[in-house]
Amino acid sequence: MSSKRLKGLVCAVVVLIATWVVFAAPVFALDYNRESLVGADFSGQDLTDSEFTKANMRESNLSHTNLKGVRFFATNLERANLEGADLRNSTLDSARLTRANLTNANLAGAFASNAKFEGAIIDGADFTDVELRPDVQKLLCKVAQGTNPVTGRETRETLYCD
């Protein structure tokens, strides 16, 4: 094989590998456990299956972020912006979502037992099949309104409000 032909073959292999890395390589979940992420901007990112256990994410921007399957166990999300976030099947157990913006968020199937939602904005949020304590469900029903633009479900119906 000539050196010119060998160089061409090597270049083709390098291009194929680079293309695979950029377009086909699996996305790996990130681990932010116990991190201080106050005011961090994760807006619009794909953080599927990432870990934020016991992280401090106060005032962070997670708007329009893919958070499917993410673990926010005992995470401080006080005043965080989760507008339009996809939180399906995430773990929010013992998380603090005090005064968080959950406008149009999709929380379907999330586990939120012992999560705190005092002062949270939930207009258009979808709580279908979310595990909530009865007192938290009652609190959320007092402010529940709107329809989720993605799922078409009314917030009050997904919370089983009277």
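**Cavity and disulfide**

Modeller: A search of the whole structure turns up one cavity of 30 Å³ or more. A cavity is a set of points on a 1 Å grid over the protein atoms alone where a 1.4 Å probe fits but cannot get out. This is a predicted model: local features need pLDDT of at least 70, side-chain atom pairs count only at pLDDT 80 or more, and totals for chains, interfaces and linings use all residues. Residues are numbered from 1 along each chain as its sequence is written, and side-chain values use heavy atoms, with hydrogens and water left out.

Colleague: How much space lies in the largest cavity?

Modeller: Grid points are joined across faces, edges and corners, and a volume is the space filled by probe spheres set on the points. For the largest cavity that gives about 30 Å³.

Colleague: Which residues line the largest cavity?

Modeller: Lining residues have an atom within 4 Å of a point. By class, the lining has nine nonpolar, no polar and no charged residues. They are F72, L77, L82, L87, L92, L97, L102, L107 and F117.

Colleague: Which residue does the disulfide join to C141?

Modeller: A disulfide is a pair of cysteine sulfur atoms within 2.5 Å, and the count comes to one. Here the S to S distance is 2.0 Å, and the partner of C141 is C161.

Colleague: Why is the disulfide left-handed?

Modeller: Look at the torsion about the S-S bond of C141 and C161. The disulfide is left-handed because that torsion is about -90 degrees.

Methods
On a 1 Å grid over the protein atoms alone, a cavity is a set of points where a 1.4 Å probe fits but cannot get out, and a pocket is an open set with protein on both sides within 12 Å along at least five of seven lines; lining residues have an atom within 4 Å of a point. Ala, Val, Leu, Ile, Met, Phe, Trp, Tyr, Cys and Pro count as nonpolar, Asp, Glu, Lys and Arg as charged, and the others, Gly among them, as polar.
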